[in-house]
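Visitor: I would like to go through this model by question and answer. Please show it first.

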Amino acid sequence: MNISAVGKFLDQPLLISKLKDKTPKILCGAAAAYGIYDTIQSPKEERSNRGIKNAIILSCVVCTSLISAFGFKIGNNKIFDGFVNLKNRNEILKNNANAVDNFLQQNKIPQAISDILNKTKTDILNIKDTEKILSVTPGSNGRDELFNTLFSKKEELNAKEIFKETGRLSILGLMPVAAGVLAGITADKITNENTPKSASDKIKEGAYQFLANIFMCNVGAAGALFGAERLQKAGAIKPLTPLGKLGVIMGGIFVTGIIGGSFVANLIGKKILDPLFNRDTKCNEIKFGQSDIYNERKPEILDMALHTDDIATAGVLSGFKWIEPMLPLMYTISGYRAGIGYRNNEN
């Protein structure tokens, strides 16, 4: 199978728009299923309170994830635009029709390929059709313009745009985490299970999720890409392909986010948040580099699942636009864990 064809297939604006439309249903269904499962799995005497907590936390986190990504409107009035701005289906079909008509007017294309191109006026191309277009159209007049319309244009982000994109993705991730913390504390109060420890655990887990799994990873991604851009301009390295960018970004994510972010989040929890909540801690004895910084919240294999949002970040910065509609699903995981105050085996 042609890898390039798969990439182009995934980056069809029409497919991305369809993913966006499906995301709310998928996310709500997955959240409801997990909430029911988690409630049933809890001890019988805890199920009532567990069910209430799951309902409050999941509903708040899911709603916040969707609103932060896609915006919110009442009737025809847009209240908030959201941080994932994608074209609607009608606009995409109109752009496709204009691009295809202009391309066919400039070139003599085999009827079979012409039929495939005309298909984009009403429907999504499959991988086989995409591969045929890629193999037949090289050298055609207006090919780049056509592909930039039918498939998302790969944008070469400069340093300023890289950090702007990082800020957008970080805010997008922060909102569900903050919602999870507030919803978790509220749920504890409703079920009469609120304590200084439960509240501090949620705030600390929220800090861990945002710093270790979102913000610091985004900083690492942007920093690595910024460094590569500097080296490229200096002539030290060749221009990076999207896959090359992906590799550079994932390296930055691993070093700055997964390793550094975990340390910073735990250090903040012990040095700042524990004293605020009068938690018994020896934070003042902890020095940089000591392993006991991870005594309470250890990085674990399961945490790697939360770094799927980092792969999404890398994909967005590399130019793979199809990942953006999936971000609410990924950030919901961090928001939920913050809401239950997850501290490894203590929750």
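Visitor: How many aromatic pairs does the count come to?
Guide: This is a predicted model: local features need pLDDT of at least 70, side-chain atom pairs count only at pLDDT 80 or more, and totals for chains, interfaces and linings use all residues. Residues are numbered from 1 along each chain as its sequence is written, and side-chain values use heavy atoms, with hydrogens and water left out. Rings of Phe, Tyr and Trp (its six-membered ring) pair if their centres lie within 6.5 Å; planes under 30 degrees apart count as stacked, over 60 as edge-to-face and the rest as tilted. By this rule the count is four.

Visitor: Are the rings of tyrosine 34 and tyrosine 336 stacked or edge-to-face?
Guide: Their centres are 5.4 Å apart. The planes stand at 85 degrees, so the pair is edge-to-face.

Visitor: Which helices does this pair link?
Guide: Helices here are DSSP runs (H or I, at least four residues), as strands are (E, at least two), numbered from the N terminus. The two tyrosines are 302 residues apart, in distant parts of the chain. Tyrosine 34 lies in α2 (residues 13-41) and tyrosine 336 in α13 (residues 327-340).

Visitor: Is tyrosine 336 buried or exposed?
Guide: Buried means under 20% relative accessible area, exposed over 50%, partly exposed in between (1.4 Å probe, protein chains only). Tyrosine 34, at 38%, counts as partly exposed. Tyrosine 336 has a relative accessible area of 7%, so this residue is buried.

Visitor: What is the angle between the planes of phenylalanine 80 and phenylalanine 83?
Guide: These two form an edge-to-face aromatic pair. Centre to centre, the distance is 5.7 Å; the planes make 70 degrees.

Visitor: Which ring does arginine 337 lie over?
Guide: A charge sits over a ring if NZ of Lys or CZ of Arg is within 6 Å of the ring centre and within 35 degrees of the ring normal. Arginine 337 is 4.0 Å from the ring centre. The ring belongs to tyrosine 342.

Visitor: How many bridges join β1 to β2?
Guide: Two strands pair if DSSP finds at least two bridges between them. Strand β1 (residues 72-74) and strand β2 (residues 77-80) run antiparallel. Isoleucine 74 stands opposite asparagine 77. The bridges number three.

Visitor: Which residue in the hairpin turn has a positive phi?
Guide: The hairpin has two residues between β1 and β2.
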